[in-house]
Amino acid sequence: MSVLEMKVPSPGESITEVEIATWLVEDGDYVEKDQPIAEVDSDKATLELPAEESGIITLKAEEGDAVEVGAVVCHIDMSAAKPEGGSSTEIKKEEAPKVEAPKKEEAKAATYATGTASPAAKKVLAEKGIDASSVKGTGKDGRITKEDAVKAVPSMGTQPANGSRGTERKKMSMLRRKVAERLVAVKSETAMLTTFNEVNMQPIFDLRKQYKEDFKAKHGVGLGFMSFFTLAVVRALQMYPDVNSMIDGKEQIKHDFQDISIAVSGPKGLMVPVIRNAENLSFRGVESEVKRLALRARDGQITVDEMTGGTFTITNGGVFGSMLSTPIINPPQSGILGMHNIVNRPMAVNGEVVIQPIMYVALSYDHRIIDGRESVGFLVAVKEALENPVELLMNNNPTKALEM
C-alpha cells in the first residue's frame, strides 16, 4: 500500500494558514492526478487544491477547518485501483443500510427546549434579553451551554399567521473575514476623507460611438470606460505624486510607477487585481488587461500575486446602479477613486441648459499624507482628462491612440 500525504501548499508570502472552504470530492472517492479536490480560502483569495496523484482519497480535515500551511489535509492511496462504473463513494452509498435514529435520542431532543442554562449562559442570555426556554441546549440532558447562549439570536417578534420568518447562520469565509478586518482597520487607523466632483461624459460617449466598432474589430476587446479612467488616473498621479504614496511607520513611500488596482466582482466576493505599470499601457493595453483579470476573477483562477501590491485603486459602483458613495481606502494605499452610474442631467453649457450624461466621482484619501490641495487637484485633473480626452489622453490624435 502506497499512501501519499497531501499537505497545504503555501499560497503566497506571509500567509500561514488557510481554511477549507469546500471539498469537491467525498471521502473514499477515486481521484485523478491534477483533479481539483478542494477550494481553500486564504486571507487574500480562494484557490483550488489539485490532487498530486491518482488514487482513493481519505479526507483529514473538514469544511470550515483552519489548517496551517504544510499541514496534512488528506491521504491518497496510490495503490488502489480505479473502481468501475463510478467512484468508491457511490458504491458505498448504494451498499449502506438505512439506520433509524434511536428512540432515546428522540426523547432527549424533547428536553432541549426547556433545558436549564449554566451560570455563564444565563449571563449571556440576560445581556441579550433572550428567554432560556426559547434556546435549544446542546449540553448534557439538554443543558444550555455558554456557546449555545452566544449563538442564540433574539426573537424577531411574534410570528404572523402567514409568511416565512426563517433565518440562516453560516460561517464567513476567511477571505470575507479578512476583508471585514481590513475595512474596520482603515476606518480606525487612517484619517480618511472623501471629496466629490462630477464629470460630463459626453466627449467619451462621442469617441466610443465613433471608434468602438473599429477598436473591437482590430483588438478583440471593447472600448470601455475603464481605459479612459485608468489613463486619466495615471496622468493625475504623475501630477500629484502624494496620492500615489503610502505610509510605512514614520516614513512616506512615493512610487515612480502606477500600479492600478481595479475592484471586480467574483464568485467569492469583491477582488482587487492589479494592472501593473499602467503608465506604459495604451487604451488597448488597459482594456485587454482589465478583461483578462476580470475573467480570471470570475472563473476563480486569480492568484495572490495578481492581487498583491497596487499603488492606487479604482472601483466602479456604477455597474450596480450606485449614484454616489464614499469608497474605503484599500490599505496600504492612500487613495481610491469611485466611479458611479451615468445619468442624463440638465447642465449649463455656454449659457444654455442642455441634457448631458453626468457621472459623479469620489476620491477617498488618507489626510495624514494627502492635503486638501492635492486631493482636490487630483480629482480636478481626472475630471479635466475625462472631459477633454482627445487633447489630454490622446495627444490630439485619437485614431493613432486607439490603434496602438
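Ten is the number to start with: the structure holds 10 salt bridges. Side chains of opposite charge can pair when their charged atoms come close. Keep in mind that this is a predicted model. The chain has 404 residues, and 41% of them are buried. Its fold includes 11 helices and 19 strands.

**Salt bridges to look for**

- Glu 32 and Lys 82 form a salt bridge, with their closest N and O atoms 3.0 Å apart. This pair links distant parts of the chain, 50 residues apart: Glu 32 lies in the loop between β3 and β4, and Lys 82 in the loop between β8 and α1.
- Glu 32 counts as partly exposed at 33% relative accessibility, while Lys 82 is exposed at 53%.
- Lys 254 and Asp 242 meet in another salt bridge, 2.9 Å from N to O. Here strand β11 supplies Lys 254, and the loop between α7 and β10 supplies Asp 242, 12 residues apart.
- Asp 242 is buried, because its relative accessible area is 18% and the cut-off for buried is under 20%.
- Arg 296 pairs with Glu 306, the closest N and O atoms being 3.1 Å apart. Arg 296 sits in helix α8, and Glu 306 in the loop between α8 and β16.
- Arg 296 is partly exposed at 23% relative accessibility, whereas Glu 306 is buried at 13%.
- Both belong to a network of salt bridges that also links Glu 289 and Arg 292.

**Helix α6, a helix with a kink**

- Helix α6 runs through residues 202-219 and spans 24 Å from first C-alpha to last, close to the expected 26 Å.
- A kink of about 55° is centred on Tyr 211, which is also one of the buried residues of α6.
- His 219 has a relative accessible area of 17%. Leaving aside neighbours within four places in sequence, His 219 is in contact with Arg 284, Leu 402, Glu 403 and Met 404.
- Gly 220 follows α6 and has a positive phi, near 80°.

**The surface**

- The accessible surface of the chain comes to about 22,600 Å², and 50% of that belongs to carbon and sulfur atoms.
- Phe 196, Met 323 and Leu 324 form a nonpolar patch on the surface, with about 280 Å² of accessible area together.
- Leu 324 lies in the loop between β16 and β17 and is partly exposed, at 42% relative accessibility.

Note on methods
Residues numbered from 1 in each chain as written. Predicted model: local features only at pLDDT ≥ 70, side-chain atom pairs only at ≥ 80, totals over all residues. Heavy atoms only, no water. Patch = residues over 30% accessible without salt bridge, like charges linked within 9 Å, V, L, I, M, F, W, Y side chains within 5 Å. Areas by Shrake-Rupley, 256 points an atom, 1.4 Å probe, with all protein chains shown as cover. Salt bridge = Lys/Arg side-chain N within 4 Å of Asp/Glu carboxyl O. Helix = DSSP H or I, 4+ residues; strand = E, 2+ residues; numbered from the N terminus. Buried < 20%, exposed > 50% of the residue type's maximum accessible area, 1.4 Å probe, protein only. Expected span 1.5 Å × (residues − 1). Bend = angle between axes of the 7 residues up to and from the residue. Contact = heavy atoms within 4.5 Å.
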